[in-house]
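Q: Please take a close look at the aromatic side chains in this model. Then set them in the context of the whole chain.

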Amino acid sequence: MEKWDLYDLHRNKIEKQITRGDEMTSDEFHLVVHVCIFNSKGEMLIQQRQPFKQGWPNLWDITCGGSAVAGDTSQQAASRELFEELGIHYNFEKIRPQFTINFERGFDDYYLIEYDIDLNELTLQTEEVQAAKWASKDEILSLIERNKFIPYYESIVAFLFEGRHHYGSIRL
């Protein structure tokens with residue numbers, strides 16, 4: 001059973017853990033990480049969820065993501081998720097997430113990295129991932145429009161592509 005550390009409203013870790021699926025109180029939150037890998041052509045590595053995966057079966061998604069488990073920092077969770085789902089080793093120790101989006105029950109940390117990898121070198125996690133491919137922003141937006149991609153806001157997808165080379169919200 002997957003255990004999660006819990007955080008307060010200000011993202012301070014509290015001295016409480018729960019098992020995934022357990023109820024949280026209204027003032028308890030958990031950490032989720034997302035990794036978006038872009039190649040030197042500006043395409044994002046996306047993955048297709050397994051048909052038996054609970055929540056958005058068969059839909060395409062960004063490179064990888066998942067909940068931080070108890071004891072994980074955001075960086076450790078990003079590294080673990082990327083390796084578990086796609087077999088990619090990447091050291092996140094010296095980087096911060098590009099941005100965080102608060103959601104009702106927690107914090108979504110987004111890491112945007114450029115990394116050219118051959119699709120044939122991927123090791124797909126059979127419990128979660130059925131396929132992976134490189135996709136342009138327009139292709140992802142088309143998949144969203146056709147209900148074949150997790151329904152992210154189109155503006156978030158655009159920001160992932162536009163913001164991948166720098167931190168912050170101001171063009172430099």
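A: Start with the rule for rings. Rings of Phe, Tyr and Trp, the last by its six-membered ring, pair if their centres lie within 6.5 Å. Planes over 60 degrees apart count as edge-to-face. The model is predicted.

By this rule there are nine aromatic pairs. One of them joins Phe92 and Tyr111. Their ring centres are 5.2 Å apart, and the planes make an angle of 75 degrees. That angle is over 60 degrees, so the pair is classed as edge-to-face.

Where do Phe92 and Tyr111 lie? Phe92 is in the loop between helix 1 (74-86) and strand 7 (99-103). Tyr111 belongs to strand 8, residues 106-114. The pair therefore ties together parts that are 19 residues apart in sequence.

Is Phe92 buried or exposed? Phe92 has 1% relative accessibility, so Phe92 counts as buried. Tyr111 is buried too, at a relative accessible area of 0%. The cut-off for buried is under 20%.

The pair is part of a wider group. Tyr90, Phe92, Tyr111 and Tyr115 make up one aromatic cluster.

Other rings have a charged group over the face. Arg96 sits over the face of Tyr167, with 5.2 Å to the ring centre.

Another tryptophan, Trp56, stands out by its backbone. Its phi is near 60 degrees, a positive value in a residue other than glycine. Trp56 lies in the loop between strand 4 (44-49) and strand 5 (60-61). Asn58 is in the loop between strand 4 and strand 5 as well. Asn58 also has a positive phi, near 70 degrees. Asn58 is partly exposed at 36% relative accessibility.

The bridge partner of Trp4 in strand 2 is Ile18. Strand 1 (residues 3-7) and strand 2 (residues 13-19) pair in the antiparallel sense, over four bridges. Together strand 1 and strand 2 form a hairpin, with five residues between them. Arg11 in the turn has a positive phi of about 70 degrees.

Now back to helix 1. Glu81 is placed in helix 1. This residue is buried, at a relative accessible area of 6%. Which residues are in contact with Glu81, leaving aside neighbours within four places in sequence? They are Val33, Cys64, Gly65, Gly66 and Ser67.

Next, the whole chain. The secondary structure comes to three helices and nine strands. Along the sequence the pattern reads β-β-β-β-β-β-α-β-β-β-α-α. Of contacts between residues at least 6 apart in sequence, 60% join residues at least 24 apart.

What about size? The radius of gyration is 16 Å. A compact globule of 172 residues would have a value near 16 Å, so the chain agrees with that. The C-alpha atoms fill a box of roughly 45 × 45 × 30 Å along the principal axes.

Buried residues make up 45% of the 172 residues. Phe92, Tyr111 and Glu81 are among the buried residues. The accessible surface of the chain comes to about 9,800 Å². Carbon and sulfur atoms account for 49% of that surface.

Technical notes
Residues numbered from 1 in each chain as written. Predicted model: local features only at pLDDT ≥ 70, side-chain atom pairs only at ≥ 80, totals over all residues. Heavy atoms only, no water. Pairing = 2+ DSSP bridges. Helix = DSSP H or I, 4+ residues; strand = E, 2+ residues; numbered from the N terminus. Phe/Tyr/Trp six-rings, centres within 6.5 Å; stacked < 30°, edge-to-face > 60°. Buried < 20%, exposed > 50% of the residue type's maximum accessible area, 1.4 Å probe, protein only. Lys NZ or Arg CZ within 6 Å of the ring centre and 35° of its normal. Rg over C-alpha atoms; globule rule 2.2 N^0.38 Å. Contact = heavy atoms within 4.5 Å. Areas by Shrake-Rupley, 256 points an atom, 1.4 Å probe, with all protein chains shown as cover.
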